[in-house]
Each structure stands twice: as structure tokens, then as C-alpha cells.
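Subject: Handover of a protein structure

Dear colleague,

Please find the sequence and the structure below.

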Amino acid sequence: SCKTYEIPNATKMESSQKNFQNLYFSDSEKDYVYKANIDVYGKQLGGIFVTKKINDTLHRAVLTTDFGNTLLDFEVSENSFKLNYCVDELNKKIVLNTLKDDFRLVFRQNHKVEEVFENQSQTIYKVLDGKRYNYLTKNKSDQKLIQLAHTTKTKEKLVIRFEGKNTTFAENITIEHKNIKLKIELNQISN
């Protein structure tokens, strides 16, 4: 039970790549608009999730009801978190800290690569994140980031899955926690 976290069917490879770029949410000219479905401990919450890159390090995100009432409005960067508005039901320290950490990972563009692994169809980049690790999985065929697994030394804590038609826009994002009952699904709303 003290076994370290392993990537299934992958072998370590020699690589000179020291950085990984996540290009999702990197265009400051674009508003990213999604239909949000949040399942937290069996309770369902839905609405519209809008985010925009404000500058090189800062993203602003707003979650509203389908009718336009604001539920949550925050700004997050690698080193800061500013809560602009939050309804009382969500204004709990554990909820806000979880969302802050989740979206910090989703929006993070630059990752310093420690090791690189591969299997037949994917390349996996291991990145140190404080006392934990992030494993970023990219398809070899189309070079799209498809998953980010946030782990301790022994197991997954959080898995973020991306689906997109290109390397710069994720149409569908699923954020699923392994240690708490929280799942967030974001599906692009087409213009």
C-alpha cells in the first residue's frame, strides 16, 4: 500500500523538453463560455461559466444561473486569488479553496517538466507542484492535451479531462475529485 503512483503502460523516456505549454485559456482576446454542471455530494448545480484571460498571469471567472444571477465571481493567478462575489451557499472556505486550486490548475499555462513518459499513443509529462505532482497527458497523433492528473506520491487526487478540436480550445472539460464527491463538467456553448 506504500507503492508510488505509476502511469499504466508507460515507460520513461529521455527528453530535452523542460517546459510544457498548456494553450487552453491562453487567448486574452477571447471569452470562454461554457454550460456548467456541478455535482457536489449528490447535489446538482448548473449554470453558465464564463472566463477570460485578463493579463499574462490572471484569469477572471464568473458562474451565473441560467437566468443570469451571479453565483460566483473570482480572479485567480498562480500567486493570488480575489473573490469578487459569492452567494452564501458557496461561501465556505473549503469550497472556495477547492475551486481556487482546481481552476489554478486548469488555467496554468507553463509547467516545468521533471520527467517524460510515453506509451503507444500518448506522451505524459511529470511536473512537480509543491509537494504533489501533475501528470499532463498529450495525444501523440494530434498533440492535444487530454488530461491533467494531480497526485500525491501514491495516488490520484484530481483528474481534469480536456476534449477539443484543436490545441488551443477545449470544448469540454471535466474536473473530477477522487477524495471528495465533487465533479464539474464544462461544455462549450457555441455562438
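Strand E6 (70-76) is mostly covered, with six of its seven residues buried. Here buried means under 20% relative accessible area, whereas exposed means over 50% and partly exposed lies in between (1.4 Å probe, protein chains only). The names of elements follow DSSP runs, numbered from the N terminus: helices are H or I runs of at least four residues, and strands are E runs of at least two.

Two notes on the source are needed before going further. The model is predicted, so local features need pLDDT of at least 70 and side-chain atom pairs count only at pLDDT 80 or more, while totals for chains, interfaces and linings use all residues. Residues are numbered from 1 along each chain as its sequence is written, and side-chain values use heavy atoms, with hydrogens and water left out.

**Strands around E6**

Two strands are said to pair if DSSP finds at least two bridges between them. Strand E5 (residues 59-64) pairs with E6 in the antiparallel sense over six bridges, and Arg-60 has Glu-75 in E6 as its bridge partner. The hairpin of E5 and E6 has five residues between the strands, and in this hairpin Gly-68 takes a positive phi near 100°. E6 is also joined to strand E7 (residues 81-86) by five bridges, and these two strands run antiparallel. Leu-72 has Cys-86 in E7 as its bridge partner, and a hairpin of four residues leads from E6 to E7.

**Nonpolar cores**

A nonpolar core is a set of buried Ala, Val, Leu, Ile, Met, Phe, Trp, Tyr and Cys residues joined through side-chain atoms within 4.5 Å. In soluble globular proteins, nonpolar side chains tend to be buried together. The largest core here has 40 residues, of which Tyr-34, Phe-49, Phe-103, Ile-160 and Ile-173 touch the most other members. H1 gives the largest share of this core, six residues.

Contact means heavy atoms within 4.5 Å. If neighbours within four places in sequence are left aside, the contacts of Ile-160 include Asp-102, Leu-105, Val-106 and Ile-173.

**Leu-145**

Is Leu-145 buried or exposed? Leu-145 counts as buried because its relative accessibility is 6%. Leu-145 belongs to strand E11 (residues 145-151), and its contacts beyond four places in sequence include Phe-20, Tyr-24, Leu-136 and Phe-162. The C-alpha atoms of Leu-145 and Gln-122 are separated by 9.7 Å, although the two residues are 23 apart along the chain.

**Pockets**

A pocket is found on a 1 Å grid over the protein atoms alone: it is an open set of points where a 1.4 Å probe fits, with protein on both sides within 12 Å along at least five of seven lines, and its lining residues have an atom within 4 Å of a point. Grid points are joined across faces, edges and corners, and a volume is the space filled by probe spheres set on the points.

The largest pocket holds about 540 Å³ of space. Its lining has 24 residues, and Ile-38, Val-40, Leu-90, Val-95 and Leu-182 lie nearest the centre. Helix H1 (93-107) supplies the largest share of this lining, five residues. By class the lining has 20 nonpolar, two polar and two charged residues; Ala, Val, Leu, Ile, Met, Phe, Trp, Tyr, Cys and Pro count as nonpolar, Asp, Glu, Lys and Arg as charged, and the others, Gly among them, as polar.

The second largest pocket has a volume of about 370 Å³. Its lining has 17 residues, among them Asp-101, Asp-102 and His-150, and divides into four nonpolar, five polar and eight charged. H1 again gives the largest share, six residues.

Yours sincerely
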